[in-house]
Amino acid sequence: ADVRRSESEKGEALDRFEKTQQEAADALLAKEEMESSLFTVAADLGRMALVYRAEGHASDAVPLYMSALAILERTLGADHPEVAKDLVNLGNAFCDLGRHRDALPLYTRALDIDTRALGADHPEVAMDLSNLGIAYRVQGDRARAAAHFGKALAVMEAAVGPEDPKTKTIARNLAACQVIEVDVRPTGAKPRKAPAKLEQRLSFGRHRAGGEPAQGQEGPGKGAGSPERRDAPVQVRSDK
């Protein structure tokens, strides 16, 4: 009787173990399906954000990128390259709004992720460095901009060669930071006023009869408060 009871208990324990294994497998499958669905949602949010940016509504794109970023961090982990991609997209949207200072920590975090995940000599790392250079240059920090462009150029040249369009764009950005402005006027000299006839012609070119601005010219104060438009950045990744 004891042997039969022991065999019965052993069989029940085995059944429970197999049932537990099946439940664990089902739970894992459900988790994978949920993560796949969430990843699809994040991708859809990114596509919607890109449309908004293309239409000039970057402010509407920002919360979409933020939502996508939260999903990716939860499903893939904070150090996944896909997270770096969305960080860059969000940073680009901030730059569209003239908020380059807000883009800096996003670009910096993307650089850290890509460096660890892909290696310091990867082209994506060069693109991250270039994006940082652009943000610094627009804010007037030419020294930091040049340093980042210089690093980006070295990495990109080694990875894809000097003739690649991305390499050439980074080289142009670096050169722009190294331009030295020289004032050729003698010390203390005042700007010379244009001759009366020349001034009249210049004035006629700037304004039409009736005081309206000439075509292609802005009226007084128009655009004075608009953010400086950034140079088209070498995109680290395309929005998908």
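This is a short tour of a predicted model, one selection at a time.

**Stop 1: the whole chain**

You will find eight helices and zero strands. From the N terminus on, the elements run α-α-α-α-α-α-α-α. The chain has 240 residues, and buried residues make up 31% of them. Now show the surface. The accessible surface comes to about 15600 Å², and 54% of that belongs to carbon and sulfur atoms. Among contacts between residues at least 6 apart in sequence, 59% join residues at least 24 apart.

**Stop 2: colour by confidence**

Colour the chain by pLDDT. The mean is 78, and 68% of the residues reach 70 or more. Which helix has the highest confidence, and which the lowest? Helix α4 (residues 100–118) is highest, at a mean of 97. Helix α8 (residues 196–206) is lowest, at 52. Next, select residues 204–240. Here pLDDT stays under 50. The model has 60 contacts beyond four places in sequence for residues 204–240.

**Stop 3: Arg 53 in helix α1**

Select residues 2–54, which form helix α1. Show the side chain of Arg 53, which is found in this helix. Is Arg 53 buried or exposed? Its relative accessibility is 15%, so Arg 53 counts as buried, the cut-off being under 20%. A polar contact of 3.4 Å joins the side chains of Arg 53 and Tyr 65.

**Stop 4: Ile 71 in helix α2**

Move to residues 58–76, helix α2, and pick Ile 71. This residue has a relative accessible area of 17%, so Ile 71 is buried too. Now use the distance tool on Ile 71 and Ala 42. They are 29 residues apart in sequence, yet their C-alpha atoms are 6.3 Å apart in space.

**Stop 5: helix α3 and its end**

Select residues 81–96, helix α3. From first C-alpha to last, its 16 residues reach 23 Å. That is close to the 22 Å expected at 1.5 Å a residue. Helix α3 is mostly covered, with 13 of its 16 residues buried.

**Stop 6: helix α5 and its end**

Select residues 123–138, helix α5. How many of its residues are buried? The count is 14 of 16, and α5 is mostly covered. At 1.5 Å a residue, its 16 residues should span 22 Å. The end C-alpha atoms are 23 Å apart, which agrees. Just after α5, click on Gly 140, which takes a positive phi of about 90 degrees.

**Stop 7**

Finish with Cys 95 and Cys 177. Cys 95 has 3% relative accessibility, so this residue counts as buried. Cys 177 has a relative accessible area of 9%, and is therefore buried as well. How many disulfides does the structure hold? The count is zero.

Methods: Residues numbered from 1 in each chain as written. Predicted model: local features only at pLDDT ≥ 70, side-chain atom pairs only at ≥ 80, totals over all residues. Heavy atoms only, no water. Helix = DSSP H or I, 4+ residues; strand = E, 2+ residues; numbered from the N terminus. Buried < 20%, exposed > 50% of the residue type's maximum accessible area, 1.4 Å probe, protein only. Expected span 1.5 Å × (residues − 1). pLDDT = per-residue confidence, 0-100. Contact = heavy atoms within 4.5 Å. Areas by Shrake-Rupley, 256 points an atom, 1.4 Å probe, with all protein chains shown as cover. Disulfide = S-S within 2.5 Å. Polar contact = N/O pair within 3.5 Å; in protein donor to acceptor, adjacent residues only side chain to side chain.
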